[in-house]
Amino acid sequence: MSPENCPICGADVPSGAKACPECGADEQTGWSEEAYASSLNLPDESFDYDDFVKRELEPKKSPVPRGIRWFWWVAAIAVLAAFLIGLFRLIR
Ligand SMILES: [Zn+2]
C-alpha cells in the first residue's frame with residue numbers, strides 16, 4: 001500500500017508504486033521521516049562524495065601526475081621521431 005503523496009518529499013506517488021519516484025522512499029523504509037533520516041546517515045553516501053572530491057583535487061595539486069604526463073609526452077615524441085626516421089629511410 002502506497003500513500004497518494006510521499007510523506008517525505010510530498011511528491012505524487014502513483015497508486016501501486018513500491019517507492020517514491022522523487023526521493024526513493026518505499027514500503028521498506030516505512031514511508032516515515034525516521035527512515036529518511038537514517039538513510040541520510042548511511043556512510044557510503046557522504047563517503048563516496050568526499051572520496052570523489054579528493055580524487056578530483058589531488059592529481060592537480062600533487063606533482064606526480066604531471067611527471068607521468070611529461071613522460072608520456074616524451075614517449076609519444078620518441079615514437080613519432082622513430083616513425084618519421086623509418087619513413088625517411090623508406091622514401092630514400
Ligand atoms: Zn518522496
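Author: A disulfide is a pair of cysteine sulfur atoms within 2.5 Å. By that rule the structure holds zero disulfides. This is a predicted model, in which local features need pLDDT of at least 70 and side-chain atom pairs count only at pLDDT 80 or more, while totals for chains, interfaces and linings use all residues. Residues are numbered from 1 along each chain as its sequence is written, and side-chain values use heavy atoms, with hydrogens and water left out.

Donors are N, O and S atoms within 2.8 Å of the metal (3.2 Å for Na, K and Ca), and sites may look incomplete because water is not among the atoms. The SG atoms of Cys6, Cys9, Cys20 and Cys23 coordinate the zinc ion at 2.2 to 2.3 Å. Along the sequence, these donor residues follow the spacing C-x2-C-x10-C-x2-C. Cysteine 6 and cysteine 23 are 17 residues apart, both in the segment before α1 (33–40), and the pair links distant parts of the chain. Helices here are DSSP runs (H or I, at least four residues), numbered from the N terminus.

The angles between the four donor atoms around the zinc ion are 105 to 114°, so the arrangement is tetrahedral; four donors count as such if all angles lie between 85 and 135 degrees.

Accessibility comes next. Buried means under 20% relative accessible area, exposed over 50%, and partly exposed in between (1.4 Å probe, protein chains only). Cysteine 6 is buried because its relative accessibility is 4%, and cysteine 20 is buried at 4%. Cysteine 23, at 28%, is partly exposed.

Technical notes
Four donors count as tetrahedral if all angles lie between 85 and 135 degrees; four count as square planar and six as octahedral if opposite donors are over 155 degrees apart and all others between 65 and 115; anything else is irregular. Helices (H or I, at least four residues) and strands (E, at least two) are DSSP runs, numbered from the N terminus.
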